[in-house]
Amino acid sequence: MSKLPIVSCPHCGKEVEWSVESRFRPFCSERCKLIDLGQWATENYRIPQGEPAAGQDPESGYQA
Ligand SMILES: [Zn+2]
């Protein structure tokens, strides 16, 4: 019996056993995985789709 490696969830830091049963490793759960990947995708691929780009300034960003 060998001890399984332990990794920390990149999103919340929770310890996760690196085993075939940890389906979402290195994340602790599907939720953390989706949140982390979602943030990554949102920040890196902010591509407007289905909207006319005329008159928009991509450098101005969003102001709340
Ligand atoms: Zn987590």
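Hi everyone. Let me start with a definition: helices (H or I, at least four residues) and strands (E, at least two) are taken as DSSP runs, numbered from the N terminus. This is a predicted model, so local features need pLDDT of at least 70 and side-chain atom pairs count only at pLDDT 80 or more, while totals for chains, interfaces and linings use all residues. Residue numbers start from 1 along each chain, as its sequence is written.

First, the overall picture. Our protein chain holds 1 helix and 2 strands, and from the N terminus the order is β-β-α. The chain has 64 residues, of which 5% count as buried; that means 20 or more other C-beta atoms, placed from the backbone, within 10 Å of a residue's own, with 12 or fewer being exposed and anything in between partly exposed.

As for contacts, two residues make one if their C-beta atoms, placed from the backbone, lie within 7 Å. Among contacts in the protein chain with a separation of 6 or more, 8% come from residues 24 or more positions apart.

Now please look at Glu15, which sits in strand E2, residues 15–17. Is Glu15 buried or exposed? Glu15 is exposed, because 9 other C-beta atoms lie within 10 Å. Leaving aside residues up to four places away in sequence, Glu15 touches Ile6 and Ser8. Between Glu15 and Pro5 there are 9.9 Å from C-alpha to C-alpha, with the two 10 residues apart in sequence.

One last stop: the loop between E2 and helix H1 (30–44), where we find Pro26. The peptide bond joining Arg25 and Pro26 is cis, with omega about 5°. Most peptide bonds are trans. Thanks, everyone!
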